[in-house]
Amino acid sequence: MVIVNWYIVGGPERSRRSNCKLRAKMGTTKQIGEAGEDLAADYLAGQGYEIIKRNHRNRWGEIDIIALDHDTLVFVEVKKKSTDRFGSPGEMITPNKIKKIKDTAENYLVDNNLREVSWRIDAILLDGPHLDHLKNITA
């Protein structure tokens with residue numbers, strides 16, 4: 001697993017990210033999640049990823065972001081917390097959650113005839129102005 005640390009404040013497109021962060025502080029849980037996904041998608045695009053789809057749902061679950069990193073399809077779970085209540089964002093990604101993401105990703109691959117494509121599961125954890133990008137969380 002590779003961990004990339006990145007700080008939102010002072011990062012590229014600062015004003016847009018700051019605006020998302022502001023909305024997250026004042027909103028509902030759903031709005032906080034959406035703002036976190038916006039930040040994560042902006043970060044990934046800034047790192048050269050092509051965003052394929054957001055909020056993909058099937059009978060197995062939901063994937064926050066599906067992106068392309070060169071020739072690898074990446075399924076991204078985004079966790080944003082506005083408080084430390086109930087643990088850190090990373091503690092919210094349990095083995096059961098990873099299994100659900102994997103099942104959802106595998107179903108996406110089958111449904112889209114992408115069985116032979118290289119793929120991985122990443123996580124983006126947002127905690128205040130700090131962003132951690134954990135690559136290949138199933139390795």
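1. Phe75 has a relative accessible area of 0% and is therefore buried (buried is under 20% relative accessible area, exposed is over 50%, partly exposed lies in between; 1.4 Å probe, protein chains only). The model is predicted: local features need pLDDT of at least 70 and side-chain atom pairs count only at pLDDT 80 or more, while totals for chains, interfaces and linings use all residues. Residues are numbered from 1 along each chain as its sequence is written, and side-chain values use heavy atoms, with hydrogens and water left out.

2. There are two aromatic pairs in the structure. Rings of Phe, Tyr and Trp (for Trp, the six-membered ring) pair if their centres lie within 6.5 Å; planes under 30 degrees apart count as stacked, over 60 as edge-to-face, and the rest as tilted. The ring centres of Phe75 and Tyr108 are 5.7 Å apart with planes at 80°, so this pair is edge-to-face. Phe75 belongs to strand E4 (residues 72-81) and Tyr108 to helix H3 (residues 95-111), so the pair ties together parts that are 33 residues apart in sequence. Helices (H or I, at least four residues) and strands (E, at least two) are DSSP runs, numbered from the N terminus. Tyr108, like Phe75, is buried.

3. Phe75 also pairs with Trp119: the ring centres are 5.7 Å apart and the planes stand at 85°, so this pair too is edge-to-face. Trp119 lies in strand E5 and Phe75 in E4, so the pair ties together parts that are 44 residues apart in sequence. Trp119 has 28% relative accessibility and therefore counts as partly exposed. Phe75, Tyr108 and Trp119 make up one aromatic cluster.

4. Val76 is also a residue of strand E4. Its relative accessibility is 1%, so Val76 counts as buried. Leaving out residues up to four places away in sequence, Val76 touches Leu44, Ile63, Asp64, Ile65, Asp122 and Ile124 (contact means heavy atoms within 4.5 Å).

5. Strand E5 (residues 118-127) runs antiparallel to E6, and five bridges join them; two strands pair if DSSP finds at least two bridges between them. Within this pairing, Leu125 stands opposite Asp132 in E6. E5 and E6 form a hairpin with two residues between them, and Gly128 in the turn has a positive phi of about 65°. Strand E6 (residues 130-135) is mostly covered, with five of its six residues buried.
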